[in-house]
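Q: Please take a close look at one part of this model, the disulfide bonding and what surrounds it. Walk me through it in one connected answer.

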Amino acid sequence: MFLFSKLVWVFGQPLSLAFLFAVLSVLLSCIRWRKTGIASAALGALILFVTLYTSVGTYLLQGLEERFPKPQDPENLQCMIVLGGAFENEVNTARHGIEFNAGGDRFIEALRLAQKYPQSRILISGGDGSMSGIYEGDAVISARFFPLFGVGKERLVEETTSRTTFENATNTKELLASQGLSDCLLITSGYHMPRSVGIFRKQGINIVPWPTDYRTDGHEVLGIDFTQPNRNSQNMATAIREWFGLVGYYFAGRTSALYPG
């Protein structure tokens, strides 16, 4: 399932689809299926235009982020679960450092809460999600990160083997039971929260959704946008990937609902 999902995404992301339709157009034209080739080229161009020069991806991402509003800080906090996906694992493994990617707010928010609630425990769930499996995962790197800011290692619970959100939940369930922890905050990116909550609920794990790492301002509208194609493309890819995950996990019976809320 892990390798299958990786391969589906390699070919299913918007820019890959646009390229595949362009190649198909050339091949169809070579065998004199000219009209079909033109249709394939047009479809590839449409995907490319929507991905690069519209706000569709940002709008879809905003919908995911708004699904679970962040509550006010609690009076007391026993524990938090931080999902991996925030570190540049390849770079950190090679350089033995602490380099964040765009999801770094997950751990910045966890650090803020850890300092505000010094009695709380922090369960970090994240192994190496690459196909090679040769890099340090987020849980390993976080053991270097938190102590730098006065959060002792004795407060950390490291889950180092998960590669997917489903494995995050199943592996975390066992650790929560062994540590006597329950009703933890679930910290992950806002766009990733619906899928994460659905999977954790399916596993019977009581959590409080705590979204962070927002990519939109909450007021996006659909329209043409020629000013930032890189951002539009990234947001489209992120949103489509999450919807692939939501639909795939739903039909695989791994989430509590198609669109948890």
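A: The structure holds one disulfide (a pair of cysteine sulfur atoms within 2.5 Å). This is a predicted model, so local features need pLDDT of at least 70 and side-chain atom pairs count only at pLDDT 80 or more, while totals for chains, interfaces and linings use all residues. Numbering runs from 1 along each chain as its sequence is written, and side-chain values use heavy atoms, with hydrogens and water left out.

The partners are Cys79 and Cys184, with an S to S distance of 1.8 Å. The torsion about the S-S bond is -95°, a left-handed link. It ties distant parts of the chain: Cys79 sits in strand S1 (residues 79–83) and Cys184 in strand S4 (residues 184–189), 105 residues apart. Strands (E, at least two residues) and helices (H or I, at least four) are DSSP runs, numbered from the N terminus.

Cys79 has a relative accessible area of 1%, so it is buried. Cys184 is also at 1%, and therefore counts as buried. Buried means under 20% relative accessible area, exposed over 50%, and partly exposed in between (1.4 Å probe, protein chains only). Cys30 counts as exposed because its relative accessibility is 61%.

S1 and S4 are among the elements covering the buried residues of H9, along with helix H4 (56–65), helix H8 (165–179), strand S5 (207–212) and H10. Contact here means heavy atoms within 4.5 Å. H9 (residues 193–202) is largely enclosed by the rest of the structure because eight of its 10 residues are buried. The buried set is Met193, Pro194, Arg195, Ser196, Val197, Gly198, Ile199 and Phe200. After H9 comes Gly204, with a positive phi near 75°.

Now follow H10 from that cover. H10 spans residues 229–251 and includes Gly248. Gly248 is partly exposed, because its relative accessible area is 30%. The C-alpha atoms of Gly248 and Leu258 are separated by 9.1 Å, at 10 residues apart along the chain.
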